[in-house]
Amino acid sequence: MKKTIALILCICSFIYTVWYMHFGIPYKNSGALSEIGITHKALFVIWGVLTFASLAFSIILAYRRYLKTKVYIPLLAIAGVGLALTLTFDFKYEKMPDYYLHCTGSLTFSVVMGFTLFLLFLLCYKKAKLFKILTYLTAAILLTDLLMLIIFKENALIEALPIFAGYIMLNTVLFRRDKLEVKL
């Protein structure tokens, strides 16, 4: 049941994000999610809360299923604080303290959430070939996203694609069937 809730949350978050991105031009700097949030503050808050809820819930389920560690708890708390800063402070360069707090929060949320996902797959690396693939895939996505941000600055596509990849990877491991071993 919890896996189904996680899947539904991820699907709703995906659909909402795609819809929310229509307020800007997804492949331009002016279409960045935070930029859209300047004129659509309430919708931006809904996007942030829905995104965090879907990722955090799925991460919690995956860690509980595959690992005994609770390292995800402080990591999700830090990511949550980052997102709270992002949603609370405006992305307006004219309001310098707000701008820096917003950007710090956004970066904290993205990096810590991505690291939490990467750590899940890394700690499960020896459990199955799928986790090996997802470890490398997550690292590649995070590095590519960083390079794209440096080269093209932020836009909705660069911001959203790692989140979408996270939804897919998390649901892949949540709905994965463990192999049954028959001992004779």
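1. A salt bridge here is a side-chain nitrogen of Lys or Arg within 4 Å of a carboxyl oxygen of Asp or Glu. With that in hand, a friendly word of context: what you are looking at is a predicted model. The structure holds one salt bridge, and its partners are K41 and D90, whose side chains meet at 3.7 Å, N to O.

2. Where do K41 and D90 lie? K41 belongs to helix α3 (residues 41-66), while D90 sits in the loop between α4 (72-88) and α5 (96-123), so the bridge ties together parts that are 49 residues apart in sequence. K41 has a relative accessible area of 30%, so it is partly exposed. D90 is also partly exposed, at 21% relative accessibility; the cut-off for buried is under 20%.

3. Now for helix α1, which covers residues 2-21.

4. Which residues of α1 are buried? They are A6, C10, S13, Y16, T17, Y20 and M21. Viewed down the axis of α1, these buried residues fall within an arc of 135°, so they line one face of the helix. As background, an α-helix has 3.6 residues a turn, so residues three or four places apart point the same way.

5. I5 is also in helix α1, but with 37% relative accessibility it counts as partly exposed.

6. On to the aromatic rings. How many aromatic pairs does a search of the whole structure find? The count is 15. One of them is W19 with F23, an edge-to-face pair with 5.1 Å from centre to centre and 85° between the planes; over 60 degrees counts as edge-to-face. Both partners are partly exposed, W19 at 39% relative accessibility and F23 at 32%.

7. Ring pairs also link residues into a cluster, made up of Y16, W19, Y20, F23, F44 and W47.

8. Last, the surface. Which residues make the nonpolar patch of about 720 Å²? L143, L146, L147, M148, I150, I151 and F152 form it. L143 lies in helix α6 (residues 129-152), and at 54% relative accessibility L143 counts as exposed, the cut-off being over 50%.

Terms used: Residues are numbered from 1 along each chain as its sequence is written. This is a predicted model: local features need pLDDT of at least 70, side-chain atom pairs count only at pLDDT 80 or more; totals for chains, interfaces and linings use all residues. Side-chain values use heavy atoms; hydrogens and water are left out. Rings of Phe, Tyr and Trp (its six-membered ring) pair if their centres lie within 6.5 Å; planes under 30 degrees apart count as stacked, over 60 as edge-to-face and the rest as tilted. Buried means under 20% relative accessible area, exposed over 50%, partly exposed in between (1.4 Å probe, protein chains only). Patches are made of residues with over 30% relative accessible area and no salt bridge: like charges are joined within 9 Å, nonpolar side chains (Val, Leu, Ile, Met, Phe, Trp, Tyr) within 5 Å. Accessible areas come from the Shrake-Rupley method with a 1.4 Å probe; for residues, only the protein chains shown count as cover. Helices (H or I, at least four residues) and strands (E, at least two) are DSSP runs, numbered from the N terminus. The expected span of a helix is 1.5 Å times one less than its number of residues. The arc is that of the directions from the helix axis to the C-beta atoms.
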